[in-house]
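Subject: Structure handover

Hello,

Here is the structure for you to look through. Please open it first, then read my notes below.

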Amino acid sequence: MTQHASQARPTTADRAARGGAGWRVLVALLVLSLIPLVSGALRLVEIAGGPPLLPVNPRIAASPAPLVLHVIGAVLYVVLGVLQFSGGLRRRRPGWHRRSGRVAAGAGLVVAGSGVWMTLFYPDAPGGALLWAVRLLVGTLTAAFIVLGVTAIRRGQVDAHRAWMIRAYALAVGAGTQAFTEGIGEATLGVNDLSKAMSMTAAWAINAAIAEWTIRRGRTALTRRLRPQLVAPRR
C-alpha cells in the first residue's frame, strides 16, 4: 500500500528529476511578475491615448516603441515561459510545448533586445553609469541564454536546454524581484542613483542565484534517482 501511494504521488525530488515544477512554483512565478506586468499595461494604456495612470516619463513619451515591444514581449514570455516549466503539461502535450516554446523564445529575445534598446537610447535614466552597464549585461546575457537553450534542444541536449532557459527566465523576471529590493534600497540608502543601481542589481543577482540552485537541485535529484539502477548488481 505504501509503495503504491509513493508511486501515485511523486516527491519533489521526482518532479525535479523530470525537469518539472509544482503548481505552487508556477503560480509564484506568475505572482512575482504581476507587478511589472500591470505597470507595463498601464503604460500601454497611456501610450494609446488613455489617462496618465503613472508618473510622467519623458523618455517614454519621446520614444514609446521599445517600451511597447518590451511590455508585449514580457507578457508572452512570462506566461508561456511559466507553462514551459510544467513537467506534466510537457509530457502530456509535447507538440504544444515545442510550438509555444518557439513563441516564448522569440518573445524573450524581444524582451532582451528592447531592454538593450531602451538602455542605449533612453538618456538620463535613473541609476547612473553602474545601472546602465548592468542593464546592458543582463539584456545581453538573457538573449545569449535563450540562443544557447534553443541550440541545445536542437542538438538533443535536454538538460542543457532546461538549464539555459531557467537562467534566461530568471533574469527576464528580475523586475518582479526589483519591486521588493527597490523598496528596501530606498529605505536603507535613500532615493538616489546608487540606491537604484544596487537594489536592481541585487534583484537580478538573487534571481540568478535561485536559478543556479534550481538547476543544481534538479541534477542532484536525477542522480539520486538513477543511482540504484547504476549500482545494481548484474544477475
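Start with helices α3 and α5. In α3, L26, L29, L30, S33, L37, G40, A41, R43, L44 and I47 meet L67, V68, V71, I72, A74, V75, V78, V79 and V82 of α5. Here contact means heavy atoms within 4.5 Å. By class, this contact has 16 nonpolar, 2 polar and 1 charged residues. The classes work like this: Ala, Val, Leu, Ile, Met, Phe, Trp, Tyr, Cys and Pro are nonpolar, Asp, Glu, Lys and Arg are charged, and the others, Gly among them, are polar.

Keep in mind that this is a predicted model, where local features need pLDDT of at least 70, side-chain atom pairs count only at pLDDT 80 or more, and totals for chains, interfaces and linings use all residues. Residues are numbered from 1 along each chain as its sequence is written, and side-chain values use heavy atoms, with hydrogens and water left out.

How do the two helices sit? Two packed helices are described by the angle between their axes and the distance between the axes. The axes of α3 (residues 23-47) and α5 (residues 65-84) come within 10 Å and cross at roughly 160°. Axes are lines fitted to C-alpha atoms, for helices over the stretch in contact, and angles run from 0 to 180 degrees between N-to-C directions. The two helices are therefore roughly antiparallel. The cut-offs are under 35 degrees for roughly parallel, over 145 for roughly antiparallel, 65 to 115 for roughly perpendicular, and oblique for the rest. The crossing of α3 and α5 is left-handed: the near helix is turned anticlockwise from the far one by less than a right angle, while clockwise would be right-handed.

Now the second pair. Helix α8 (residues 128-154) packs against helix α9 (residues 158-172) at about 160°, with the axes 8 Å apart. These helices are therefore roughly antiparallel too. Their crossing is left-handed. From α8, the residues in contact include V138, F145, I146 and V150. From α9, they include H161, W164, M165 and A168. By class, the contact of α8 with α9 has 15 nonpolar, 3 polar and 1 charged residues.

Two residues of this pair deserve a look. V150 is found in α8. V150 is partly exposed, at 31% relative accessible area; buried means under 20%, exposed over 50%, and partly exposed in between (1.4 Å probe, protein chains only). Leaving out residues up to four places away in sequence, V150 touches A105, H161 and M165. H161 is in α9. Is H161 buried or exposed? At 17% relative accessibility, H161 counts as buried. Beyond residues up to four places away in sequence, H161 touches G149, V150, A152 and I153.

Next, the core. The largest nonpolar core has 30 residues, and those with the most contacts inside it are Y77, I146, Y169 and W204. A nonpolar core is a set of buried Ala, Val, Leu, Ile, Met, Phe, Trp, Tyr and Cys residues joined through side-chain atoms within 4.5 Å. The elements that give it two or more residues are α3, α5, α7 (94-121), α8, α9 and α11 (193-231). Its largest share, 7 residues, comes from α9. Apart from its neighbours within four places in sequence, I146 is in contact with Y77, A105, G108, L109, M165 and A168. Another core lies apart from the largest one; it has 5 residues, among them L67, V71, M118 and Y122.

Most residues other than glycine have a negative phi. D124 is not a glycine, yet has a positive phi of about 55°. D124 lies in the loop between α7 and α8. At 73% relative accessible area, D124 is exposed.

Last, the whole chain. How many helices and strands are there? The protein chain has 11 helices and 0 strands. Helices (H or I, at least four residues) and strands (E, at least two) are DSSP runs, numbered from the N terminus. Buried residues make up 36% of the 235 residues. Among contacts between residues at least 6 apart in sequence, 70% join residues at least 24 apart.

Best wishes
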